[in-house]
Amino acid sequence: MVILLALLFFGSKAIPDIAKTLGKGMREFKKATNEIQREINDYTSDIKKDINEISTSVTKDTNEIKKGMNDVTSSVSRDTDEVTKEITDKFQD
């Protein structure tokens, strides 16, 4: 149906030129789309790299803080045990 309407409206001689023009337009559109996609990927790759660096830094700092907290907890626990032992020893005498 569409082909019949195209033949009636444009004539048989104009259809190859129209198809050629449509093909060029589609190629240009695809080329522009690919270029835009490439530019977006290039731009976002820099952002992803920055985010990964920040994430690594935060993870490292968090692990150091956890280690420090574990050290403090262990120290407090030892001190508490020592005080408890001293108090127990004094009351047993």
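Q: What radius of gyration does the protein chain have, and what would a compact globule of 93 residues have?
A: The protein chain has 37 Å, whereas such a globule would be near 12 Å. The radius is taken over C-alpha atoms, and the globule rule is 2.2 Å times the number of residues to the power 0.38. This is a predicted model: local features need pLDDT of at least 70, side-chain atom pairs count only at pLDDT 80 or more, and totals for chains, interfaces and linings use all residues. Residues are numbered from 1 along each chain as its sequence is written, and side-chain values use heavy atoms, without hydrogens and water.

Q: What box do the C-alpha atoms fill?
A: Roughly 120 × 30 × 10 Å, along the principal axes.

Q: How many helices and strands?
A: 2 helices and 0 strands. These are DSSP runs, numbered from the N terminus: helices are H or I with at least four residues, strands E with at least two. Helix α1 covers residues 2-10 and includes Ala-6. Helix α2 covers residues 15-92 and includes Glu-86.

Q: What share of the residues is buried?
A: 0% of the 93. Buried means under 20% relative accessible area, exposed over 50%, partly exposed in between (1.4 Å probe, protein chains only).

Q: Why does Ala-6 count as partly exposed?
A: Because its relative accessible area is 24%.

Q: Switching to charge. How many positive and negative charges are there?
A: 15 positive and 17 negative, with mean positions 17 Å apart. Lys and Arg count as positive, Asp and Glu as negative; His and the chain ends are left out.

Methods
The place of a charge is taken as NZ of Lys, CZ of Arg, CG of Asp or CD of Glu.
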